[in-house]
Amino acid sequence: MKRALHAEWTKMRTVAGPLWLLLGTVAATVSLSAVAASLANCTATGCGGDTAKLALVGVYLGQAPVAILGVLVIGGEYGSGMIRTTLAAMPRRTTVLTAKAVALTGSVAVGGTVAVLGAVLAGRLVLPDAGDRALSLSDGPTLRAVFGTVLYLILIGLLSLGVAAAVRDSATGIGVVLGLLYVVPIVSQTISDPGWRRLLEKMAPMTSGLAVQATTDLGSLPIGPWAGLGVTAGWAIATLLVGGLLLRTRDA
Amino acid sequence: MISVVTSRRAGQRVGRDGFLEVLHAEWTKFRTVRGRLIGMVVAAMLLLLFAVLTGVSSHQKGAPPVPIGPGSEPVTDSFYFVHQPVSDNGSITVSVSALKSSIPKGPGDLRPGLVPWAKAGLIIKQSTRQGSPYAAIMVTGAHGVRMQDAYVNDTAGPPGLVSGESPRRLRLDRSGDMITGYASADGAHWTKVGTARVSGLGPTPQIGVFVASPPALDGMGTAGSVSTAVFADLRVQGGRADGRWTGDQVGPRSPTFAGYPDGTSGSVTGSDGRLTVTGAGDIAPAVRETLPTGGTLREILTGTFAALIAVIVVGALFITAEYRTKMIRLTLAANPRRSRVLVAKATVLWAVTFAAGLVGAVLAAPLGERLARSNGVHLFPVSSLTELRVVCGTAALLATAAVLALSVGAIVRHSAGAVTTVLVAIVLPYILTALPFMPASAANWLARVTPGAAFAVQQTLVDYDQVASHYTPYNGYYPLAPWAGFAVLAAYAVVCLAAAAVLLDRRDA
Amino acid sequence: MLRRTVGMSSLRTAGAPGIVVAGLRKRYGTALALDGMSFTVRPGVVTGLVGPNGAGKSTTMRVILGLDAVDEGTALIGGKPYRGLRHPLKHVGSLLDAAALHAGRSGRDHLLWLAHSQGLDARRVEQVIEQVGLTPAARRKAGGYSLGMRQRLGIAAALLGDPPIIMLDEPFNGMDPDGIVWMRGFLRSLAAQGRAVLVSSHLMSEVQDTADHLVVVGRGKAIADAGVADLIAAVSGDRVTVRTAAGAHAMRVLVRAGATVAATGRDTITVSGWPADRIATLLSQNAVPFSEVSAHRASLEDVYLELTREAVEFRAATHTEVSR
């Protein structure tokens, strides 16, 4: 396992793609958050909503490069055929997938932390009045929102890895992942039955996971912050299990 | 010499510029990869699947019926009405000396507030049945005197607010079907505001004063409001009336009326022609926010988002797969005029995606509508021409998005990057507009400048100046006209295709 | 060319019997890819796995590497299935597809991650890069490599774990003449070090000067499994060609002596069943002039065509008729 991890980490750091994608995550997260904060109607008492959620809105965009990274970690090897080299060198396929997941987790944790802290900093700079109070890391709910958002990004990466391992194609994998993330919340809006809508928002990986960003009015959420992130974790685990099972049983 | 002649003949045989042959080759390439055809079928199926899902997941059976206006559009027709039946021609006058509104800020916490479209005035209406024809003249919270009829017609009269020092006198004259509204500041000089022909008033229409108070905009949502008006000198001249005024809430339970704020109710007090009337509701066309249980064609075609993913993946792979397998070299060796290859690919892709999208939308729209109606959902009405536009527009949207993905794929030469770029550019703006803190100006800006503007082609809702509401993309109102929104996406696709053609020419294959 | 490396001797003394493939059967839908494939690859010998395209060579190699599962049969490396090996590249070095690289990663870094997966370090990477002569290009992105450079990089990857078994799929494909010569010498030197070397090819000419032992494959099974010399003898029979201007005279003399003779050309006759020296002696004794008496040798090409005639799956119909 240690050697597989060392190999996967070497793979990750010896191509330019992952670094650029993580920089893309930082840039997308910070810039969208800054723009959203500057557009919001904020007063000294707040922004007519959840200031922490507003400052962290950039992950809606920032998760896209993370998803690409997660997909490419294995999808790219299927594209070039290098997966055979990998599996010839490391015949224990579960170990390979686990090593990939750990290497991905580490990279996204670093990139995601920079992105999320950058977004908070941007929020404080753009919203000096409302930001100083609501966007302090010493504030319990805000700290939970920040930490939870980094975890959310990691889980999105793992979800993407699992999907790509199952579909064995980058383009299809990214389509499935972005569909899961973006389309379910849109579809849920068209369902007029509020019970069904809340259920769908509880089940979807993005709407449930981003509940971890809420710092005010927790009672009105379809799902609690940590429970919501738990749903996203469930998605990541489920796709990794399916991907891992298919990786084990199929010919490479 | 002979060889020169032969080669020219050969050139002529394959067509003047050989484009049809390139097109044929690309079509053969497209249809012989099973995954691409599956992708197209999946796109059509997703449209259908989500239409069925939307249709069956909505249950409005047993809800009170949605009031329908004379133009067969859903309307809000809930207000407090002090009325009596009056037959024959005649006129009615009143003086309005106050119109005050209150908005709840919390449970039991009612604060005075401005409701721009709070209404108090005179109305002649066929009956107290919701949706029946009427004409009315009124003072409003912030839009001066207005004359309105048939729910959708609105004519501006003299501006200004009313108060005890400067009351506003209003008059309605009836002559058969013709109703004329007047306004006056002093009771001596009358200004004609407008005339309306109201057919179907019947032999004894109800006539009287009314107060309505629509929900006020409150952040991203709306808050119910209640308004109170003071009327004086209520007189009926001509016509046959029995002289007894009755106060009633028209349409107390209605899908288009959210009810009174907690602790308030409609009422009338006073006598001798001086009345204090409290009311809530509106007499106006229903919009998305006032009829939240209503359905739209756009919602039935919500599968467009899912179908987009399928066609974008197919579109991007149509070129990136050639780069991955290096087949692009063979393609370009066979057709050295590279931009023509790209145009041929785009043409084939657009046509195939349009066909798949059209099949999906043509089946999905009527099926979803039927299912929704059978579950008691009221659908905002669309003309058959509009339905045709939505269906064709949906297919065109999918096809153009696929071509955009092809172009981006040719530029970045990487499938995952191309799919993500295009999908995020089209879908993310829509999600961002739905965020609670996104102001309407930002949402409308996104719906103008991003490729997501193309969803305007699916809009079927009409916005009304006389109804205060959030006319945002989230609620189904787009800042651009349907085809103008589509043109934004088309412009992105054309620009990217041109850039891709230039790069394809300059770069080594 | 090949530098002896530390650890080689210990691996050789392990006395691993190489690769033992027994009764592999695999079906893709209706197509039978492997139909009872069995053979053995021994140490110190270059074994050629030859057969037409689609005969099952690559599938067999993928099965040996644990990449593809089989319906029946076993493929064992030193008595163990590949997937049970702890550091597989220290047992088997392989090259399946030289193009299977990340275009954005340098050749050195490609070897580095492979080394890390086996617990090896960067020093070993530098050694194999030097061994295959890739040092000047090692730090460039692999996307810009020529086919020959990719092959060398693939060989370097196969050598990384200093394995007793080397397995290469179509290593001569796309190589220039210099490269082919290099590759032949290289494979021979690997075998000389005591390694088991398995090389597949669809062209007999590519392996005939390299391989000691041949496994000829057709329709998913081994149709011949023998040493090169034995195979040639089996096909040639013991025929001798005599070149002489006095053909009729020679034939009379030989037939009288009891030999089986046939005229095969304007000035050549073929004698079956007699060794060449006896024929030369007989002709001299009878004063028959001749310019050449030579034992006929079938080329490996002939052997291959002879053996695979029935086994070729995709032969054109007209061609089949002519050949029958």
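Leu23(A) comes out as partly exposed, with a relative accessible area of 44% (buried is under 20%, exposed is over 50% and partly exposed lies in between, using a 1.4 Å probe and protein chains only). The model is predicted, so local features need pLDDT of at least 70 and side-chain atom pairs count only at pLDDT 80 or more, while totals for chains, interfaces and linings use all residues. Residues are numbered from 1 along each chain as its sequence is written, chains are lettered from A and ligands numbered from 1 in the order in which they are written, and side-chain values use heavy atoms, leaving out hydrogens and water.

Leu23(A) sits in helix 2 (residues 17–39) of chain A; helices (H or I, at least four residues) and strands (E, at least two) are DSSP runs numbered from the N terminus. Together with Leu19(A) and Trp20(A), Leu23(A) makes up a nonpolar surface patch with about 370 Å² of accessible area. Patches take residues with over 30% relative accessible area and no salt bridge, joining like charges within 9 Å and nonpolar side chains (Val, Leu, Ile, Met, Phe, Trp, Tyr) within 5 Å. Areas come from the Shrake-Rupley method with a 1.4 Å probe, with only the protein chains shown counting as cover for residues, and a salt bridge is a side-chain nitrogen of Lys or Arg within 4 Å of a carboxyl oxygen of Asp or Glu.

Arg86(C) belongs to the loop between strand 5 (80–81) and strand 6 (92–95) of chain C, and counts as exposed because its relative accessibility is 63%.

Also in chain A, an unreviewed UniProt entry annotates residues 54–76, 97–125, 145–167, 174–192 and 226–247 as "transmembrane region". In the model, residues 97–125 of chain A are 100% helix and 0% strand, with end C-alpha atoms 41 Å apart. Residues 226–247 of chain A are likewise 100% helix and 0% strand, and their end C-alpha atoms lie 31 Å apart.

Asp162(C), not a glycine, has a positive phi of about 50°; it lies in the loop between helix 5 (147–159) and strand 7 (165–169) and is buried at 7% relative accessibility. Glu170(C) also has a positive phi, near 50°, in the loop between strand 7 and helix 6 (177–192), and its 12% relative accessibility makes it buried.

Over in chain B, Thr394(B) is part of helix 8 (residues 384–412) and is buried, at 0% relative accessible area.

Key:
UniProt positions are given in the numbering used here, feature names are shortened, and annotations may be inferred rather than shown by experiment.
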